[in-house]
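Dear colleague,

I am handing over the structure below and would be glad if you could look through it before reading on.

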Amino acid sequence: MTLKVLAEELSSKGIPVFLSDVKGDLSNFASPGENTAPVQKQLAKIGEEEWNFEHYPVEFFDLYGEEGTKIRATISEMGPLHLARLLGLNDIQTGILQIVFRFADDKNLLMLDLKDLRAVIHLVSEYSSQLSKTYGNISKQSINAILRSLISLEDQGGNFFFGEPDFKIEDFLRTDSNGYGIINILSSKKLLLNPKLYTTFLFWLLSELYETLPEAGDVEKPKLVFFFDEAHLLFTKDAEILREKMELIVRLIRSKGVGIFFITQNPSDIPDSISSQLGNRIQHGLRAYSPKELKTIKKISETFRNDGSLNVEETITNLSVGEAVLSHLTEDGTPSFAKKAVIYPPKSAMGSLDPQLLQSYVQKSPLYEKYAADIDSFSAFEALEQKESAKEDSPSEKEAPHGLGSILEGIFSEQKRGRRSKSMGLERVIGSALSSFGRELGREMARGVFGNKKR
């Protein structure tokens with residue numbers, strides 16, 4: 001309930017929201033609420049007699065395209081170092097993946113989706129001995145390890161995420177005709193069953209958000225606010241890379257005008273390195289039935305600033321539904337003293353949106369038309385497949401020994417012809433070919449500076 005109330009208030013002030021719907025019960029922002037008995041009870045606590053129910057502008061997203069508009073990114077956008085960390089590669093395997101990306105750039109082979117990446121990896125593996133003279137040692141064992149890691153990502157739905165059209169982060173920053181911020185809802189019920197894909201998506205999202213948005217300084221209101229529900233899922237042992245990214249982003253993202261809320265049943269689920277950066281706290285009731293739970297509540301109560309007017313530890317254990325202990329940053333940047341509060345009921349409907357109505361919202365969205373259809377551009381896979389077909393059709397090439405030079409000779413010109421046939425310009429070939437490695441190098445230089453500061 002509190003998440004909905006916060007999102008509604010932000011939207012009404014023209015601030016876009018992004019949230020992950022992990023239980024399927026947040027989609028009903030699109031429908032006005034009803035004056036039910038629980039709502040009346042909550043209003044009585046607050047002292048309100050009337051309540052204006054309303055609906056809010058929403059956009060639905062789903063990486064699988066089942067309950068919302070698809071979100072995609074290209075392999076080149078992710079870059080070799082990001083991808084290597086997500087795949088859990090060691091230093092040697094990471095180095096070879098960097099060689100794969102550099103080789104693709106050198107040969108103007110666009111890598112947009114997983115089949116492009118796999119095709120270039122196979123080519124590098126086939127001619128590893130020749131390529132090693134230019135790029136360094138390329139072991140077949142490491143190549144096989146990379147391919148096995150790719151299979152794991154593919155099995156969890158990586159093919160749905162990597163490809164075109166690639167999603168533009170600015171499409172999360174929209175308002176409607178009435179000036180309300182759009183509430184962007186990512187369907188995550190199925191996504192959470194595939195943690196590697198969920199981690200990959202969030203890693204890309206946070207990176208793009210930070211790298212795309214300009215510095216904003218001290219803004220009057222945020223450009224965007226994120227809500228991460230079931231936040232404990234972000235900080236598991238298997239998601240260590242995401243935790244590192246979260247720590248960095250939470251420290252730096254405020255300068256971009258972006259706010260982040262983590263929602264979890266137990267605040268101890270949030271690492272200290274992250275919770276120490278969060279200025280606003282809303283703590284609902286916790287029950288203690290064991291010494292360990294009592295110790296946890298005591299620890300939580302000590303994180304609130306207290307002027308002695310409230311026994312925070314006792315209050316937390318006695319809070320009822322719709323009540324909370326809260327603390328927020330004051331105008332001078334210091335946390336306020338802990339206070340007990342009653343949460344307003346949401347103005348939109350509780351529960352899940354009817355599936356047919358949800359689909360109608362999805363298909364009427366301008367973003368659905370923009371991103372719904374997959375685009376399979378002429379890229380590395382097609383270029384190599386075309387060259388292989390030409391080689392098989394030529395008896396002289398079949399009989400003659402052929403090295404790396406003959407296999408790749410003419411790929412660039414064939415790419416240009418293929419792109420013209422698909423109404424795609426040469427500028428994109430050159431731009432995309434240069435972008436993946438160069439952009440990744442720039443990213444890692446920036447991260448190196450931040451990393452040194454952190455250490």
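**Salt bridges and what they join**

By the distance rule of a Lys or Arg side-chain nitrogen within 4 Å of an Asp or Glu carboxyl oxygen, the count comes to 17 salt bridges. Please keep in mind throughout that this is a predicted model.

One of the 17 salt bridges is formed by the side chains of Glu59 and Arg174, with an N to O distance of 2.6 Å. This pair links distant parts of the chain, for Glu59 belongs to strand β2 (residues 58-61), while Arg174 sits in the loop between α9 (158-161) and β3 (183-187), 115 residues apart. Glu59 is buried, with a relative accessible area of 6%, whereas Arg174 counts as partly exposed at 22%.

A second pair to look at is Asp374 with Arg72, whose closest N and O atoms are 2.7 Å apart.

Glu154 counts as partly exposed, at 21% relative accessibility. Elsewhere, salt bridges that share partners join Asp113, Lys115, Asp376 and Glu382 into one network.

**The sheet and a helix packed on it**

The model has an open sheet of 5 strands, which follow one another in the order β2-β3-β1-β4-β5 with parallel pairing. β2 and β5 (258-262) stand at the edges and have a single partner strand each, so one side of each is left without a neighbour in the sheet. On average, and ignoring direction, neighbouring strands of this sheet are turned by 20° against each other.

Within the sheet, strand β1 (residues 17-21) pairs with strand β4 (residues 224-228) in the parallel sense over 3 bridges, and the bridge partner of Val17 in β4 is Val225. Helix α1 (residues 2-12) packs on the sheet, where it touches β1, β3, β4 and β5, and its direction makes about 170° with that of β4.

**A buried glutamine**

Gln93 is found in helix α5 (residues 91-106) and counts as buried, at 14% relative accessibility. Leaving aside residues up to four places away in sequence, Gln93 touches Ser142, Ala145 and Ile146.

**Where to be careful**

The mean pLDDT of the chain is 82, and 85% of its residues reach 70 or more. Which stretches call for caution? Over residues 397-407 the pLDDT stays under 50, and the model has 16 contacts for them beyond four places in sequence. The pLDDT is also below 50 over residues 410-455, a stretch with 67 contacts in the model beyond near neighbours in sequence. Where pLDDT is low, the predicted coordinates should not be read in detail.

With kind regards

Conventions:
Residues numbered from 1 in each chain as written. Predicted model: local features only at pLDDT ≥ 70, side-chain atom pairs only at ≥ 80, totals over all residues. Heavy atoms only, no water. Helix = DSSP H or I, 4+ residues; strand = E, 2+ residues; numbered from the N terminus. Buried < 20%, exposed > 50% of the residue type's maximum accessible area, 1.4 Å probe, protein only. Pairing = 2+ DSSP bridges. Axes fitted to C-alpha atoms, helices over the stretch in contact; angles between N-to-C directions. Contact = heavy atoms within 4.5 Å. pLDDT = per-residue confidence, 0-100.
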